[in-house]
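I opened this entry to keep track of what I looked up. The structure comes before the notes.

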Amino acid sequence: MLIFDELMLFALVAGCGLALVAGPLGSFVVWRRMAYFGDTLAHSALLGIALGFLLGIDLNLGILVVCATMAVLLVTLRRRQRLASDTVLGILAHSSLSLGMVAIAFMEGVRVDLMGYLFGDILAVGVSDLYWIYGGGAVVLAVLAAIWRPLLAITLHEELARVEGVRVLPVQLAFMGLMALTIALAMQIVGILLVTSMLIIPAAAARAFAQTPEQMAVIAVLCGWLAVLAGLLASFQWDLPTGPAIVVAATLLFAVVTLLRGPVAGAAVR
Amino acid sequence: MVTAAAALRSEPVLIRATGVGVEYGGRALLNGVDLDVVAGRITTFVGNNGAGKSTLLRLLIGLSEPSAGRIERCVSGGRLRIGYVPQHFAVDTNLPISVRRFIALAGKVRQQWAEAIAATGVESLLSQPLQSLSGGELRRVLLARALLRRPQLLALDEPAAGLDVRSQGALYRLIGELRDRYGCAVVVVSHDLNLVMAASDEVLCLEQGRVACRGAPHSVVEHPEYQKLFGAHLGPETAVFSHAHTDPHTQSSDLEDHKHHKHHEDHEDHEHCERDVDLR
């Protein structure tokens, strides 16, 4: 029989907090085809950790600053230069990850649990982390609710939205900011390399059941919760790394849904 | 020769483009174009691919800025309300959304809802997923969304692209009806000559970013530049559908004071348009 001790309870509460934010935000990541963009931001988080160590500031703050800077940089580059997005993203994603690793290696006297940052360490979550996750999460959800309608309009057709009077750039920047904050929140739970999966896999699984954008966001939250619970149980039962176990659980859920309903069952109705 | 030109003169100019040009990567996409967008008038941009039709439309509705010349929006009391039907609209299957919700994204417009839905005949589509629509249905849905804001200007970029001939006829008939009902300006981009020509009040024929010729459809088809571009055989007489080409304004109930009928002969040149509008 499984016994949920305090460690597991904290992990569960933290994971569910993340899934609550990742569902709605991840739906937009899927709709806006920004999975790689999210990945790039997440990779740059390691640079944020290095910055945190270097300046002696809170690591979460370091991550937030670097991710937000990177997000603004990406949006601006894309608007001005019309560069092929995936090329730019590919360059920035891997160079920032490598740069982060190199920077950390240079720091003497700093012992870093690299595996923890790359793949998460949800079992190390403490009370202050919960405050951070739920406080930050509340901010993300509130801002997302405020920009929901214009963001949806931009996602469907940016120019149409602009002609209708939506101020595109502020909304886009706000969305980038939310992604940066969410990545900082998710770091400890699933790690840099798996952050994007928590955004897109539950949302992708939810698509098959949803008839409206809001339904998809809510179902994505439910899928995320299920994945967190299943991943934690599996990790506890078989002594697995928790972050990857959660992601594997989410992927299994997605696979089952896809097999049962088809990848985009809703869209098949004619 | 007072007739329609005089009628048009009394209609407000909504947008005035003066000598506008657009350059991209050293290439002039548009060069020295003058144009007044006038309420109640259907203006069509024709031309071959790359002539600058869409570029001009995008300038007028504020989606891009001219690299030369000026665009003045002449509306008192806030922003010009524009209804836009873009040329391309890719429906993403990842985003589950109904037609009703999609149209409603245009804004707070409860009063206009029933009218926009009825005018475009999309009532039966409202509960369908957006992804399930055919090309023609999607055009009508986009038009409904454009109408929802009670536009002063309706900007349509290739609205008939991909439609069969009958649907094209229906679409242009609808555009004419909407203009009559709302008195809005309509700007249409098309390379679908015979049909569009017949449905317009003014035709602007573009070639390599310049205005090759302009005027009423019947006069434009006689123009040597037009015939050089498109041949002599394409004109309103070959159209599948044609507006009754009286002065469009006389059909509009709220514009009863304009009873003129020689519209085409008379407004060959937009430069006759009124100048003393409220320019901002």
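My notes cover confidence, the sheet, the cores and the salt bridges.

**Ground rules.** I am working from a predicted model, in which local features need pLDDT of at least 70, side-chain atom pairs count only at pLDDT 80 or more, and totals for chains, interfaces and linings use all residues. Residues are numbered from 1 along each chain as its sequence is written, chains are lettered from A and ligands numbered from 1 in the order in which they are written, and side-chain values use heavy atoms, with hydrogens and water left out.

**Confidence.** I looked up the scores for the complex: ipTM is 0.85 and pTM is 0.83. Then I turned to pLDDT (the predictor's confidence in each residue, from 0 to 100). The average for chain B is 76, and 75% of its residues score at least 70. Within chain B, helix 3 (residues 99–104) has the highest confidence, at 93, and helix 10 (residues 263–266) the lowest, at a mean of 36. Helices here are DSSP runs of H or I with at least four residues, strands are runs of E with at least two, and both are numbered from the N terminus. I noted that residues 1–8 of chain B stay under 50. The model has 19 contacts (heavy atoms within 4.5 Å) for that stretch beyond four places in sequence. Residues 245–280 of chain B are also below 50, with 98 contacts beyond near neighbours in sequence.

**Sheet.** I traced an open, mixed sheet of six strands in chain B, in the order 5-6-7-3-8-9. Two strands pair if DSSP finds at least two bridges between them. Strand 5 (82–85) and strand 9 (210–215) of chain B are the edges; each has a single partner strand, so one side of each lacks a neighbour in the sheet. The twist averages 15° from one strand to the next. Strand 8 (residues 202–207) of chain B runs antiparallel to strand 9 of chain B, with five bridges joining them. There, B:L204 stands opposite B:R214. Helix 5 (residues 135–147) of chain B lies across strand 5 and strand 6 (153–157) of chain B, at about 170° to strand 5. Axes are lines fitted to C-alpha atoms, for helices over the stretch in contact, and angles run from 0 to 180 degrees between N-to-C directions.

**Cores.** I took a nonpolar core as a set of buried Ala, Val, Leu, Ile, Met, Phe, Trp, Tyr and Cys residues joined through side-chain atoms within 4.5 Å. Buried means under 20% relative accessible area, exposed over 50%, partly exposed in between (1.4 Å probe, protein chains only). The largest core has 158 residues, and A:F175, B:F45, B:I103 and B:L130 have the most contacts inside it. Helix 8 (residues 168–190) of chain A gives the most to this core, with 15 residues. I checked A:F175: its contacts include A:L25, A:F28 and A:I147.

**Salt bridges.** B:E202 and B:R41 form one, with the closest N and O atoms 2.8 Å apart. B:E202 is in strand 8 of chain B and B:R41 in the loop between strand 2 (27–38) and strand 3 (42–46) of chain B, so the pair ties together parts 161 residues apart in sequence. Both B:E202 and B:R41 are buried. B:D201 and B:R179 form another salt bridge (2.6 Å, N to O), and both are buried. Shared partners join B:R179, B:D180 and B:D201 into one network.

Terms used: A salt bridge is a side-chain nitrogen of Lys or Arg within 4 Å of a carboxyl oxygen of Asp or Glu.
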